[in-house]
Amino acid sequence: MGQVSIGIDCGSAACKGILLWDGTVKAAAVKPTGWNPKETAKAILDELIVKAGAEGEELLITATGYGRVGIDFANRAVTEITCHALGADYILPGVRTVVDIGGQDSKVISVRDGKVQSFQMNDKCAAGTGRFLEMSAHRMGVDMSGFAALLKEGKSCAISSMCAVFADSEIVSLLAGGKSREEVAGGIVNSVAVRTAALAARVEMESPVLLTGGLADLEGLRMALESQFQLPVITSELSRFAGAIGAARKNW
């Protein structure tokens, strides 16, 4: 017996779930959100229960993220900003800045003791988001793992367009003009880092810095952010689950 707390972070691209048992992560699950966030969230819930062996346990469930309102089996719904701060503090105790690059938005959050001090968000333009990187990778004929491989070369070229639509055209022109895919991939990631740094400049940014979101394991992005911030940027295998962890911790 113990306290079983579940957090479900249903974003525009992926739905993530975490099961905490007496405050410790016992199970994690992630699936593409698809067209029905509620259905996907229920599948996440079922998977967490089986993985943790929590059948028959009393469950406390908090939903967050883009699809949280539709998850009617949750005990409550909470804004993702507070959840990301609380989850990041679990992943990296004492974290002071959270950089989250999601599918449809990106945000920089100043944190103290797991609480939000201030934040800035880009949710008006696709450039600077995970969706922009995925679209760019597709334009170059690779998936995200292929895109990550291109970044390992450490090459780059300038991407001047700050709009996702115009940047797409610029990518085509650069490739047609003889730039390698490695150079263009590096330029794309650098442009995302520049936009993220512009957000960070409007909050009180301090170390340690944790990168969260679905692209947290993209090493080339982490390095580009470090270059822009002039601060170490830390990632974790739990980084993409920061919002879900924070949601689960809200049940305490």
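Tutor: A disulfide here is a pair of cysteine sulfur atoms within 2.5 Å. Keep in mind that this is a predicted model, where local features need pLDDT of at least 70, side-chain atom pairs count only at pLDDT 80 or more, and totals for chains, interfaces and linings use all residues. Residues are numbered from 1 along each chain as its sequence is written, and side-chain values use heavy atoms, with hydrogens and water left out.

Student: OK, so how many disulfides does the structure hold?

Tutor: It holds 0 disulfides. Take Cys 15, which is in no disulfide: the nearest cysteine sulfur belongs to Cys 10 and is 3.3 Å away.

Student: Is Cys 15 buried or exposed?

Tutor: Buried, at 0% relative accessibility. The cut-offs are under 20% relative accessible area for buried, over 50% for exposed, and partly exposed in between, using a 1.4 Å probe and protein chains only. Cys 157 counts as buried too, at 11%.

Student: Switching to charges. How many salt bridges are there?

Tutor: There are 15 salt bridges. To count, a side-chain nitrogen of Lys or Arg has to be within 4 Å of a carboxyl oxygen of Asp or Glu.

Student: What's the N to O distance for Asp 46 and Lys 42?

Tutor: Their side chains meet at 2.8 Å, N to O, in a salt bridge. They sit 4 residues apart in helix 1 (residues 37-52), so about one helical turn separates them. Helices are DSSP runs of H or I with at least four residues, strands are runs of E with at least two, and both are numbered from the N terminus.

Student: And how accessible is Asp 46?

Tutor: Asp 46 is partly exposed, with a relative accessible area of 35%. Lys 42 is partly exposed as well, at 37%.

Student: Which residue does Arg 96 form a salt bridge with?

Tutor: Glu 206, with the closest N and O atoms 3.4 Å apart. That pair links distant parts of the chain, 110 residues apart: Arg 96 is in the loop between helix 2 (80-91) and strand 6 (97-101), while Glu 206 is in the loop between helix 6 (181-200) and strand 9 (209-212). Arg 96 is partly exposed at 26%, and Glu 206 is partly exposed at 28%.

Student: What about Arg 131 and Glu 134, how far apart are their closest N and O atoms?

Tutor: 3.9 Å, and they form a salt bridge. Being 3 residues apart in helix 3 (residues 130-139), they are separated by about one helical turn. Arg 131 is partly exposed at 41%, and Glu 134 is partly exposed at 37%. Elsewhere, salt bridges with shared partners join Arg 68, Glu 80, Asp 100, Asp 105 and Lys 107 into one network.

Student: What span should helix 2 have?

Tutor: 16 Å for its 12 residues, and its end C-alpha atoms are 16 Å apart, which agrees. The expected span is 1.5 Å times one less than the number of residues.

Student: Last one: where does Ser 169 lie?

Tutor: In helix 5 (residues 164-176). Ser 169 is partly exposed at 42%, and its C-alpha is 9.8 Å from that of Arg 139, 30 residues away in sequence.
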